[in-house]
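This report covers strand pairing, helix packing and one surface patch.

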Amino acid sequence: MRLLIFGSNVPGCVFCRPDGSLMTNVHVGIQVGSEPVQLVKADASEIHWELDIDSVVRDGRLDFRGRAVHGRRGERFVYLTWGEVSRGNEFEMFRRAKLMLNRIDASVVGSALDVGRLLARVDLTGDDGGPRCARVDPPAIEWSVPAS
């Protein structure tokens, strides 16, 4: 199944950490294994990612798999990873957000499996005004099946 993630309300590429240090080249991407992929500068008006995830039925329960899928069975998620990109093009992660696959309504998952596509719309700015982190719950995320 193709997972389409649309991020809006982007917090910008400047972020002041709680310790007072300033980051000025913030990017966000999908975490595959321990590496960030599809990095986008965090001052874009809207951000879009696409990735493949697989579904399997195991012990009578639906489970998700894929290079970008993390967590234990029954608690799977996709990470959005935030970091600063240095002049040497190195990524230093400082926050991550979990898009919880096990919290998607079963009817949405069923329809998404039928059409082969699932859509997540994510508000990328957290309550603190910085990059959204931790587990992302509604209303900060909306899961649906994209129109054909």
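The text below goes through the sheet, a hairpin and the patch.

The model is predicted: local features need pLDDT of at least 70 and side-chain atom pairs count only at pLDDT 80 or more, while totals for chains, interfaces and linings use all residues. Residues are numbered from 1 along each chain as its sequence is written, and side-chain values use heavy atoms, with hydrogens and water left out.

Helices (H or I, at least four residues) and strands (E, at least two) are DSSP runs numbered from the N terminus; two strands pair if DSSP finds at least two bridges between them. Four strands form an open sheet in the order β6-β1-β12-β14, with mixed pairing. Its edge strands, β6 (47-52) and β14 (141-144), each pair on one side only.

| Strands | Sense | Bridges | Partners |
|---|---|---|---|
| β1 (residues 2-8), β12 (residues 117-123) | parallel | seven bridges | L4 and L119 |

β4 and β5 form a hairpin with two residues between them, and G33 in the turn has a positive phi of about 65°.

L113 lies in helix α1. With V57 and L62, L113 forms a nonpolar surface patch of about 250 Å² accessible area together. Areas come from the Shrake-Rupley method with a 1.4 Å probe.

Conventions: Patch = residues over 30% accessible without salt bridge, like charges linked within 9 Å, V, L, I, M, F, W, Y side chains within 5 Å. Salt bridge = Lys/Arg side-chain N within 4 Å of Asp/Glu carboxyl O.
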